[in-house]
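I opened my notebook to get to know this structure, one piece at a time. Come along and look up each part with me.

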Amino acid sequence: MANVYGKDKPQYQSDVIVDLLHEYELPFVALNPGASFRGLHDSLINYGGNKPEMLLCQHEETAVQIAHGYARATGKPMAVILHNLVGLLHAQMAVYYAYIDRAPIFIMGATGPMDEGKRRPHIDWSHTALVQGEAVRNYTKWDYQPTSIEGVPESFMRAYSTMVTEPQGPIYMCYDAWLQEAPLTTAVEMPPANMVKAPARMAADPAVLAQIVDKLLAAKNPLILVDFIGRQPDGFDNLVKLAETVGVPVWDINNALCFPNRHPLCLSMDKEAMRKADVILGLDVRDWEKSTASLDSMSRVVTPLVPETCEWLEVGFAEIGMSSWSMDYGRYQPKVLSALGDPALAMPEMTRMAAERLAADDALAKQVEARKQAVAARHDELFAGWKADAQKDRDSSPVALPRLAEEVWEVVKDEDWVVSTGTLRQWTRKLWDFDKPYRHAGKSLGTSTQIGMSLGVALAYKGTDKVVVALQPDGDLMYDLGALWTAAKHRIPILIVMFNNRAYFNDWEHQIRVARQRGTDLDKAHIGMDIFDPAPDFASAARAMGCHGEGPITDPAEIGPAVRRALEEVKKGRPALVDVITQHR
């Protein structure tokens, strides 16, 4: 290595960590305070000049979720610091979701001194674990705990490279408290200036790609199923070019916005397209089954939508980075062709191959063009049907979800808008125009994830003209109302519109199914599921945290004016919340 620090550089070993954060241009670090990283905290402020900028969170899960949302929106990592063993345990659920969602997050932890002679009584013992990273090892890409300052740069380099290499994911670095606080008495070798920080993308086998292209062109009713490729800076546009060239409709699973929903070749959420498919190409798909099958929730019987004769093809990373602990990979789908490699590289190559074949075969070109026209007609039929469905029960109170989607759309449609997570049970995808890759950072995950991830998305666009809209469920926000204070504290502009059905209705609905099956009392299904008696006043809570707050709103005519007022506050750089009482679905 080169670029060795001299004696006039850092005075404490934690300063070296700060220099690495600067070298790798990590812009923010989210944290909840803890004494185990007091050395690093001081270095960040006094040596690093509060760069990366600290974000103070009220819970460790929120800190990780903010970094998760930021990674979704930018494709780039930010840092998180978790206090000792207890902070790591608090954050576990958020780390797990980041792992299954392939979000690159540079998580730094700390531990009470491993040197027993330096441990404070009680606290440094009960908060210290032997190999602390084992707590998250099953759902991080890599973890490490350097034993000396000389090991800090080398492990940092490896962690960063591992984190950002596809399939991406969080890493965990644990720094001994005494290592951080010790004076720096020796020169430390740092990353050389000419070093690449991660390897180049991995290309798929071109011979297999050629066979995939031939099958797509020859098929009668092919379909492209896409998952994560929208997070690549060129994935969205490359997919549009590929789909238009081969004349194949696209079903976007929606972990990232991969394809414009108003494009004539978009058939997302169209079960008829699945039922007719004779060839399905999965591009970076993790779970094949949910989109391609129907579920009887009570019997747990899964019935495929696609014909038995359908051929399955794949380009992606399915066999890389698969956990032997978590079963997030889903049921295995046998394929007749599978190419291991980055779809971001494969799509332009497949487009080129297809264009050459079509240029040389007029009959094939006419066949593909006719298929495109038929798909476009089906696309228009779908959207016309959804528009008509949205008019049903339009003036109801509580507010129907399509009406809420329409009212918010009327306010933001002329802005440069971004939806952070939730989609109002898909109604935004049916009624809005997702025309650019950044319009949606990806669908919501489990409960107690959305508000933190939404703040991360809004943080990514802070200082721009983009308006970030969080369509926020009430149950999710109840887990972490303190996140509103973090938004106000750090002036993260975000427009939060509550999807407030005053219930954990996903689970309430399960209890309704069980009651129907068993013949028990349906009127009791809400017990242990409802969020009323008392009903939380989210607007007052938002104001108490320093945000603009309005509601609760039950009259749909009042939604538009309230959202417009909230938008004006967001444009001033302030978070705002509008609480709307909605129907359950």
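**Helix α6 and its cover**

I began with who is hidden in helix α6: Gly 151, Val 152, Pro 153, Ser 155, Phe 156, Met 157, Ala 159, Tyr 160, Ser 161, Met 163 and Val 164 are buried. I kept in mind that this is a predicted model. The tally is 11 buried residues of 14, so I use the 20% limit on relative accessible area for that word. I then looked at the length of α6, residues 151-164, and found a reach of 20 Å from its first C-alpha to its last, close to the 20 Å expected at 1.5 Å a residue.

**Rings**

Next I searched the whole structure for aromatic pairs and got 18. In one of them, the ring centres of Phe 106 and Phe 156 are 4.4 Å apart and the planes meet at 35°, so I wrote this pair down as tilted. Phe 106 belongs to strand β4 and Phe 156 to helix α6, so the pair ties together parts 50 residues apart in sequence.

I moved on to Phe 383 and Trp 386, whose ring centres are 4.9 Å apart with planes at 75°, so I logged the pair as edge-to-face. Both residues are buried. They are three residues apart in helix α13 (residues 362-389), which means about one helical turn separates them.

Back at Phe 156, I followed the ring pairs and found a cluster of Tyr 24, Phe 106, Phe 156 and Tyr 160.

**Charges over rings**

Tyr 24 has a charge over its ring too: the charged end of Lys 197 sits there, 4.9 Å from the ring centre. I also found the charged end of Arg 102 over the ring of Phe 228, 4.2 Å from its centre.

**Strand β16**

Last, I turned to strand β16, residues 495-500, where six of six residues are buried. Leu 495, Val 497 and Phe 499 point one way, while Ile 496, Met 498 and Asn 500 point the other way.

Which strands pair with β16? Strand β15 (residues 466-473) runs parallel to β16 and is joined to it by five bridges; here Val 469 has Leu 495 as its bridge partner. Strand β18 (residues 576-581) also pairs with β16 in the parallel sense, over six bridges, and there I found Val 497 partnered with Val 578.

Key: Residues are numbered from 1 along each chain as its sequence is written. This is a predicted model: local features need pLDDT of at least 70, side-chain atom pairs count only at pLDDT 80 or more; totals for chains, interfaces and linings use all residues. Side-chain values use heavy atoms; hydrogens and water are left out. Helices (H or I, at least four residues) and strands (E, at least two) are DSSP runs, numbered from the N terminus. The expected span of a helix is 1.5 Å times one less than its number of residues. Buried means under 20% relative accessible area, exposed over 50%, partly exposed in between (1.4 Å probe, protein chains only). Two strands pair if DSSP finds at least two bridges between them. Rings of Phe, Tyr and Trp (its six-membered ring) pair if their centres lie within 6.5 Å; planes under 30 degrees apart count as stacked, over 60 as edge-to-face and the rest as tilted. A charge sits over a ring if NZ of Lys or CZ of Arg is within 6 Å of the ring centre and within 35 degrees of the ring normal.
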